[in-house]
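Let us walk through this structure step by step. Keep the sequence and the 3D view side by side as you read.

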Amino acid sequence: MSLEKMNDLNLKESTRPENKEINGVLMNKWIYDNWDKVWNFQAKSDDLLIATYAKSGTTWTQEIVDMIQNDGNVEKCQRANTFDRQPFIEWIMPPPFHSGFDLAMKMPSPRTLKTHLPVQMVPPSFWKENSKIIYMARNAKDCLVSYYHFSRMNKYVPDPGTFEEYIEAFMNGRVLWGSWYDHVKGWWDAKDKHRILYLFYEDMKENPKKEILKILKFMEKDISEEILNKIIHHTSFDIMKQNPMANYTTLPTSIMDHSISPFMRKGITGDWKNHFTVAQNEKFDEDYKKKMEGTTLIFRTEI
Ligand code: PPS
């Protein structure tokens, strides 16, 4: 179905769906209902999986990887929407919308795929096949702010309520894909046992060249300095914000309403300072210390 047609339809599915927990992790109803299919997803050894907690720089990483795979050819990277180029494996939608899961099944190899699943919920075939995985993490406060605004504009995500209420929900892991704390720690531990490149949004923001070089090495790709500079430029926030194949503006407004908050919102580190009150920040930090105790994982909340 064309996106224009989807736009015309006043679908029932565009109202916010119910959510249910799978092993303590909140998921939308469609993923919950189809969990067996997701769990039994058949990964391949030449798959490249981009894994993130939501709002941590997934789309950015996806665009970088696609540009690398296409040797910096911008036209090729504009062949389709991000979500069609690199299917979102657990995203199962009712007809008439196509689902990332179905798309991944149909896609020829080598595939680049996306997931927000916490590490313990990744389909076991990825470990069996030893597929490469790039994990991108973002500091909790900026992630929370981004997720809050995204939840306001995206009707497939639970209504966030007030910012105060949302902080509570985030701290308690009562948001889709569960606890940020468990997610980043779980993947951090997994990186020493599997082929996982663990990256940080803040590092990418500070020095994209250095981080893209890490991705190139991981993907065993070599490119010229000229192409590297082209990739840095094409995947900068300002360019991606204007790119309809990366900014999610082709989706119907009944799903994502960019007039409420654009998907490509600010793309910075430290925006949390414009949102948290002093009291909210103190409470968040205190709770953070407890939840992150004992891990070697360190985040930067400003650069
Ligand atoms: S999703 O829906 O989970 O896939 O969202 P995700 O892509 O992970 O995160 C969206 C946030 O990433 C920002 N973004 C970028 N920041 C810097 N540079 C580039 N190129 C870029 N592309 C996307 C996007 O603006 C969202 O963050 P916020 O803070 O809301 O602006």
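A crossing of two helices is left-handed if the near helix is turned anticlockwise from the far one by less than a right angle, and right-handed if clockwise. Helices (H or I, at least four residues) and strands (E, at least two) are DSSP runs, numbered from the N terminus. This is a predicted model: local features need pLDDT of at least 70, side-chain atom pairs count only at pLDDT 80 or more, and totals for chains, interfaces and linings use all residues. Residues are numbered from 1 along each chain as its sequence is written, and side-chain values use heavy atoms, with hydrogens and water left out.

Start with helix α9. It passes α10 in a right-handed crossing. The axes of α9 and α10 (residues 163-171) are 10 Å apart, and the two helices pack at an angle of about 120°. That makes α9 oblique to α10. Axes here are lines fitted to C-alpha atoms, for helices over the stretch in contact, and angles run from 0 to 180 degrees between N-to-C directions. Under 35 degrees counts as roughly parallel, over 145 as roughly antiparallel, 65 to 115 as roughly perpendicular and the rest as oblique.

Now find α4. Its axis and that of α13 (residues 208-218) come within 11 Å and cross at roughly 55°. α4 is therefore oblique to α13. The crossing of α4 past α13 is right-handed.

Look at single atoms next. A polar side-chain atom of threonine 58 lies 2.4 Å from a ligand oxygen. In arginine 265, a side-chain N or O atom is 2.8 Å from an oxygen atom of the ligand. Glycine 57 uses a backbone N or O atom, 3.1 Å from a ligand oxygen.

Finish in two loops. The peptide bond from serine 109 to proline 110 is cis, with omega near 0°. Proline 110 sits in the loop between α7 (100-106) and β4 (112-115). Asparagine 23 lies between β1 (19-22) and β2 (25-28). Its phi is positive, about 45°, although asparagine 23 is not a glycine.

Notes. Polar contact = N/O pair within 3.5 Å; in protein donor to acceptor, adjacent residues only side chain to side chain.
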